Amino acid sequence: MSAVIEVHHLHKKYGDIVAVDDMHRDEISHRTDEAIMTEVRRLSGTASALLADDEMMRAAMPALRADYKAAETYRCAPDVTVTCPITVLTGDSDPKTTLDEAKAWSLHTTGSFDLRVFAGGHFFISDRSKEVMQVLKQHFGTEAPGATA
C-alpha cells in the first residue's frame, strides 16, 4: 500500500490525528507578510532565490499562512491513539520540534514506535533526502501502487 493511500485510509478511519497537542503555537498566521517571511527565512528551508522573488512569495503567501494556521489551531486529545505503527522523522537541530516533542508521538499509538533523528534543522529532509528515502522504503516498500512482481 502506498504512503498516500495509507495516510488517506488512516484519515478516513481515525480523522485528523496529525499533531501532538503540546506543539508550538506561535500564531505566526496572524503576523504580517513580512513577519511570516522572516520566520520562513529563519527555518532555512527555502531557496534564497525564491525568497527574493516578490511576485512568487505574494502568490505563495496564502498557502504559507494557511499552513501555519492549520498547525496553530489543530488540537489532538492527549488520549487519542491509533493501532498502526508510527515513525517520526525529525532534525536534531529543528527549532520548531524538540526531541521530547517528537518522542511524544509514541503516546498516540498502541502499535510500534520508531523515532529517526537526522542531522539538520526543520528542513532536514532536503539535505538528507537519500536517508529519508531509505526509511520510507523500509516502511512502504519500493514498488509503486498496483505494480505486479
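## Burial and helix packing in a predicted model

Me: Is Tyr68 buried or exposed?

Reply: The relative accessible area of Tyr68 is 14%, and buried means under 20% relative accessible area, exposed over 50% and partly exposed in between, with a 1.4 Å probe and protein chains only. This is a predicted model, in which local features need pLDDT of at least 70, side-chain atom pairs count only at pLDDT 80 or more, and totals for chains, interfaces and linings use all residues. Residues are numbered from 1 along each chain as its sequence is written, and side-chain values use heavy atoms, with hydrogens and water left out. On its value of 14%, Tyr68 is therefore buried.

Me: In which helix is the place of Tyr68?

Reply: Helices (H or I, at least four residues) and strands (E, at least two) are DSSP runs, numbered from the N terminus. The chain has seven helices and two strands, which run α-α-α-α-β-α-β-α-α from the N terminus on. Within this order, the place of Tyr68 is in helix 4.

Me: Which residues is Tyr68 in contact with, leaving aside its neighbours within four places in sequence?

Reply: Contact means heavy atoms within 4.5 Å. Tyr68 and Glu27 are 41 residues apart in sequence, with 7.5 Å between their C-alpha atoms. Once the neighbours within four places in sequence are left aside, the residues in contact with Tyr68 are Ile28, Ser29, Ile36, Glu39, Val40 and Leu43.

Me: What covers the buried residues of helix 4?

Reply: The buried residues of helix 4 are Met57, Met61, Tyr68 and Glu72. By contrast, Ala70, which also lies in helix 4, counts as partly exposed at 46% relative accessibility. The cover over the buried residues includes helix 2 and helix 3 (48-51).

Me: At what angle do helix 2 and helix 4 pack?

Reply: Two packed helices are described by the angle between their axes and the distance between the axes. Axes are lines fitted to C-alpha atoms, for helices over the stretch in contact, and angles run from 0 to 180 degrees between N-to-C directions. For helix 2 (residues 33-43) and helix 4 (residues 54-73), the axes are 11 Å apart and the angle is about 80 degrees.

Me: Which class of arrangement does that angle give helix 2 and helix 4?

Reply: Angles under 35 degrees count as roughly parallel, over 145 as roughly antiparallel, 65 to 115 as roughly perpendicular and the rest as oblique. The angle of about 80 degrees therefore makes helix 2, relative to helix 4, roughly perpendicular.

Me: How many nonpolar, polar and charged residues has the contact of helix 2 with helix 4?

Reply: Helix 2 contributes Asp33, Ile36, Met37, Glu39, Val40 and Leu43, while helix 4 contributes Met57, Met61, Leu64, Arg65 and Tyr68. Ala, Val, Leu, Ile, Met, Phe, Trp, Tyr, Cys and Pro count as nonpolar, Asp, Glu, Lys and Arg as charged, and the others, Gly among them, as polar. By these classes, the contact has eight nonpolar, no polar and three charged residues.

Me: Where in helix 4 does a kink lie?

Reply: The bend at a residue is the angle between axes fitted to the seven residues ending there and the seven starting there. In helix 4 a kink of about 40 degrees lies shortly before the proline Pro62, at Ala60.

Me: How far apart are the end C-alpha atoms of helix 4?

Reply: The expected span of a helix is 1.5 Å times one less than its number of residues. For the 20 residues of helix 4 this should give 28 Å, which agrees with the separation of its end C-alpha atoms, 28 Å.

Me: Which residues does Leu99 touch, not counting those up to four places away in sequence?

Reply: Leu99 has its place in helix 5 (residues 99-103) and, at 35% relative accessibility, counts as partly exposed. Its C-alpha atom is separated by 9.2 Å from that of Leu115, 16 residues away along the chain. Not counting residues up to four places away in sequence, Leu99 touches Thr90 and Val117.
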